[in-house]
Amino acid sequence: MKRWKKVLIFFGPIILILVLGFFLWFRQQEQVLTEVKVEPHSKTVTLFVPGYGGNRTSLGGVVSRLDHFDLGTFSYRTSIDSDGHFSEEKQQGYGDNSMIQLLFADNKDPKKEVKQIYPYLQHLKEQGFDKMNLVGHSTGGPMSVAIMTTYSDDPSIPKPEKLISIGGDFPLHPNQAYLAEGKKLPKDLKVLAIAGNIWGRPTDGLVKEAEVKAIEPVIDGNVASYQFKIIDGSPLTAFHFMLHENPTIDKMIAEFLWSS
């Protein structure tokens with residue numbers, strides 16, 4: 001017991017200094033968001049789609065930071081049950097550049113999630129949203145594409161306007177049926193794909209750059225515009241699960257969605 005006390009006395013201050021240093025470093029990184037200028041979009045809602053096993057922390061930080069810096073409005077955190085029923089946890093309510101953080105009960109079954117989201121999309125249209133943006137992390141990227149192709153040209157839901165895929169794990173060897181689904185995407189859709197490269201290597205530690213870029217055969221010739229960007233850095237900024245905790249990516253999101 002005395003030995004552990006000595007260890008704690010020795011390492012405790014070191015750990016505290018490291019934690020404090022990280023906190024101050026992260027606050028400094030957030031300052032890039034003060035440079036962003038956005039335009040208000042009251043009829044377009046942005047849905048943040050989590051990846052495999054996604055939970056409240058998956059994209060909650062992104063939405064909260066964008067709200068904190070007055071770039072968007074964290075409107076609701078919406079939980080969608082296995083039967084498609086949904087419950088909304090109000091944050092700020094609807095406003096300019098409304099953002100919704102999505103949570104799914106079946107958060108490890110993207111095919112079910114795509115089906116379960118439909119009633120909520122209809123609800124958003126009933127709330128007066130004519131258009132929607134989709135921001136997906138990891139499996140949430142391919143899932144966002146599936147949402148758009150499954151409900152293509154459906155007038156009862158908001159029309160997709162922009163898609164951001166962050167560390168999206170698209171299939172490297174898609175079959176022709178999968179590629180053909182891309183023809184169902186809106187022709188005026190604008191797409192941004194973001195990949196993480198740790199210390200110059202073409203991977204974010206879990207998803208390869210090639211997998212992120214594998215969205216290209218699906219959207220090629222089927223959308224209005226496409227951008228691909230790389231976040232090259234240490235695991236603190238470029239690791240798969242740190243991509244949605246990176247203020248530089250927050251800035252990319254805000255500028256792509258709302259600056260034009």
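**Notes on a predicted fold**

1. The model is predicted, so local features need pLDDT of at least 70 and side-chain atom pairs count only at pLDDT 80 or more, while totals for chains, interfaces and linings use all residues. Residues are numbered from 1 along each chain as its sequence is written, and side-chain values use heavy atoms, with hydrogens and water left out.

2. Now the overview. Of its 260 residues, 48% count as buried. Buried means under 20% relative accessible area, exposed means over 50%, and partly exposed is in between, using a 1.4 Å probe and protein chains only. Take contacts between residues at least 6 apart in sequence: 78% of them join residues at least 24 apart. Contact here means heavy atoms within 4.5 Å.

3. What is the order of the strands in the open sheet? The eight strands run β3-β2-β4-β1-β5-β6-β7-β8, with mixed pairing. Two strands pair if DSSP finds at least two bridges between them. β3 (86-90) and β8 (225-233) are at the edges with a single partner strand each, so one side of each has no neighbour in the sheet. On average, neighbouring strands are turned by 20 degrees against each other, direction ignored. For such angles, axes are lines fitted to C-alpha atoms (for helices over the stretch in contact), and values run from 0 to 180 degrees between N-to-C directions.

4. β6 (residues 159-166) and β7 run parallel, joined by five bridges, and Ser 165 stands opposite Ala 193 in β7. Helix α5 packs on the sheet, where it touches β1, β4, β5 and β6, and its direction makes about 150 degrees with that of β5. Helix α10 (residues 247-258) lies across β1, β4, β5, β6, β7 and β8, at about 160 degrees to β6.

5. Next, the inside. The largest nonpolar core has 37 residues, and Leu 47, Leu 102, Ile 117, Leu 121 and Ile 215 have the most contacts within it. Such a core is a set of buried Ala, Val, Leu, Ile, Met, Phe, Trp, Tyr and Cys residues joined through side-chain atoms within 4.5 Å. The largest share, four residues, comes from α5. Leaving aside neighbours within four places in sequence, Leu 121 is in contact with several residues, including Leu 47, Met 132 and Ile 147. There is also a second, separate core of 27 residues, which includes Leu 33, Phe 74, Ile 253 and Phe 256. In soluble globular proteins, nonpolar side chains tend to be buried together.

6. Is Asp 250 buried or exposed? It counts as buried, because its relative accessibility is 0%. Asp 250 is in helix α10 and, leaving aside neighbours within four places in sequence, is in contact with Leu 33, Val 62, Arg 65 and Leu 66.

7. Back to rings: the structure holds five aromatic pairs. Rings of Phe, Tyr and Trp (its six-membered ring) pair if their centres lie within 6.5 Å; planes under 30 degrees apart are stacked, over 60 edge-to-face, and the rest tilted. Phe 239 and Phe 241 make an edge-to-face pair, 5.9 Å centre to centre with 70 degrees between the planes. Phe 239 is partly exposed at 27% relative accessibility, and so is Phe 241 at 45%. Elsewhere, ring pairs link Tyr 76, Tyr 94 and Phe 129 into a cluster.

8. Ser 138, in the loop between β5 and α5, has a positive phi near 60 degrees although it isn't glycine, and it is buried at 10% relative accessible area. Trp 199, in the loop between β7 and α7 (209-213), has a positive phi near 50 degrees, and Trp 199 is exposed at 65%.

Methods: Helices (H or I, at least four residues) and strands (E, at least two) are DSSP runs, numbered from the N terminus.
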